[in-house]
Amino acid sequence: MGDQEVISFSQGIRMMFYVMKPNETSFQSIEEVPDYVKKATPFFISLLLLEFLVSWIHQGKPASRVDDALTSLSAGVLSRLPSLFFRSFEISSYIYIWENFRLFGLPWDSPWTWYLTFLGVDFGYYWFHRMAHEVNIMWAGHQTHHSSEDYNLSTALRQSVIQIYTSWIFYCPLACFIPPSVFAVHLQFNLLYQFWIHTELIDHLGPLELILNTPSHHRVHHGRNRYCIDKNYGGTLIIWDRIFGTFEAEKEKVLYGLTHPINTFEPFKVQFHHLVDIWTTFWITPGFTDKFSVLFKGPGWGPGKPRLGLPEEIPEVTGKEVPFSAAASGSLQLYTIIHFVIMLGFYEETFSGKATLTQITLLLRICYIILTITSIGFLIEKRPRAAIMETARCSIFLMLYRFGFLKPFFPALTAALEIVFSICVSFWGARTVLEFRRSS
Ligand SMILES: [Zn+2]
Ligand SMILES: [Zn+2]
């Protein structure tokens with residue numbers, strides 16, 4: 001997709017709420033379509049900070065916890081890494097169908113096509129999202145998004161790496177008549193719209209609640225109270241839930257997260273733990289029919305149970321639930337925030353310069369990014385191996401930095417970063433030796 005298109009500040013704000021006009025977002029070819037999601041990064045960060053400030057002023061406490069928010073942002077970072085190498089699977093499969101199987105092509109520059117695609121993408125999203133909750137193998141990807149026990153703007157960025165390998169199926173019918181360039185625009189806006197609804201700061205929005213997906217409706221979707229399960233799948237519009245009988249209004253206080261919380265901040269467990277569970281269950285389940293059901297019936301299914309499992313097996317909310325936290329100290333939290341921000345600097349730089357970077361540089365930078373989010377997960381979870389992993393990570397950073405694989409994003413910081421990371425290596429190295437001595 002094209003990066004040349006400049007987005008004005010007003011367009012940037014409007015695109016976060018899907019308030020865009022057809023004539024400013026219609027393109028003839030897929031190559032001209034801007035990477036709106038990438039261009040949204042400064043708006044993601046500004047709105048995250050705004051939510052943080054507003055909740056601090058209004059409620060006397062931040063809307064998010066550092067450990068949970070960093071885990072969500074790490075999932076967001078991880079889910080975007082494949083796009084450094086490939087065009088998104090949702091787009092490439094769509095183009096393939098358009099080029100080989102289309103029945104007819106609607107004009108790319110007609111407002112009618114634009115509005116029809118808006119509806120079509122949202123309808124496709126509803127069914128993808130519903131199946132992502134009702135089909136176990138699809139839930140393996142989507143559960144990542146639901147694994148936060150908090151509900152704030154950072155939760156929106158807790159995205160799955162593998163979800164796009166099933167979601168593409170639901171957009172195939174559109175590829176029979178809607179040009180890829182129009183589809184690619186709406187797919188991005190549909191995703192961006194869902195950012196602002198992940199907040200507890202916005203209460204009810206009056207008549208808008210009738211047609212739009214709102215923070216209130218989506219809070220229900222993220223709830224693990226029995227009345228919230230398998231409800232409100234809509235992306236931008238809530239009308240699909242009202243039509244197909246999956247709508248539920250917000251009632252008693254919502255408790256967020258998975259019905260069986262995973263209690264971890266490790267980015268790879270957050271992404272893949274359910275896939276591993278399915279793999280194990282698949283092999284220990286006897287008989288072909290039941291094996292098939294493990295994959296394609298609901299996550300709550302078991303032999304002898306209905307397709308979507310038994311509602312009474314969902315743990316009742318007592319109000320005494322405590323969200324998982326390893327209670328990392330304030331200084332350790334600050335440390336992880338600083339290193340996350342440094343990583344984000346290199347992450348941004350890698351995305352903007354990807355066309356000029358060699359494959360080996362790209363791969364080494366991805367190693368640094370993955371190592372950073374893994375190590376931060378270990379640190380905030382206070383795991384026994386955290387010190388040795390952080391020593392290794394900071395040493396690897398210094399090597400990549402010295403050999404020029406990681407370029408400083410602000411030249412003025414060149415020496416400072418080297419000093420900071422050298423101190424980190426010494427500090428965590430000493431901790432590792434101490435812990436080793438204590439345990440032996
Ligand atoms: Zn969901
Ligand atoms: Zn959500």
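The entries below follow the order in which I looked things up.

**Ground rules.** I am working with a predicted model, in which local features need pLDDT of at least 70 and side-chain atom pairs count only at pLDDT 80 or more, while totals for chains, interfaces and linings use all residues. Residues are numbered from 1 along each chain as its sequence is written, and chains are lettered from A and ligands numbered from 1 in the order in which they are written.

**Domains.** I took the domain bounds from an automatic or database domain assignment, which divides the chain into domain 1 (9-244) and domain 2 (330-439). Over C-alpha atoms, I find the two domain centres separated by 31 Å. Counting two residues as in contact if their C-beta atoms, placed from the backbone, lie within 7 Å, I find twelve residues of domain 1 touching 16 residues of domain 2. On the domain 1 side, helix 4 (residues 66-80) contributes the most, with eight residues; helices here are DSSP runs (H or I, at least four residues) numbered from the N terminus, and strands are E runs of at least two. I sorted that side into seven nonpolar, three polar and two charged residues, with Ala, Val, Leu, Ile, Met, Phe, Trp, Tyr, Cys and Pro as nonpolar, Asp, Glu, Lys and Arg as charged, and the others, Gly among them, as polar.

**Helices 5 and 10.** I then looked up helix 5 (residues 89-101) and helix 10 (residues 180-196), whose axes come within 10 Å and cross at roughly 155°; axes are lines fitted to C-alpha atoms, for helices over the stretch in contact, with angles from 0 to 180 degrees between N-to-C directions. The pair is therefore roughly antiparallel, a word kept for angles over 145 degrees, as roughly perpendicular is for 65 to 115. Glu90, Ile91, Tyr94, Ile95 and Trp98 of helix 5 meet Pro180, Phe183, Ala184 and Leu187 of helix 10, a set I sorted as eight nonpolar, no polar and one charged.

**Helices 6 and 7.** Helix 6 (residues 111-134) and helix 7 (residues 136-146) pack at about 105° with axes 6 Å apart, and are therefore roughly perpendicular. Met131, Ala132 and His133 of helix 6 make the contact with Met138, Trp139 and His142 of helix 7.

**Annotations.** Residues 359-380 come out as 100% helix, with end C-alpha atoms 32 Å apart.

How values were computed:
Parallel < 35°, antiparallel > 145°, perpendicular 65-115°, else oblique.
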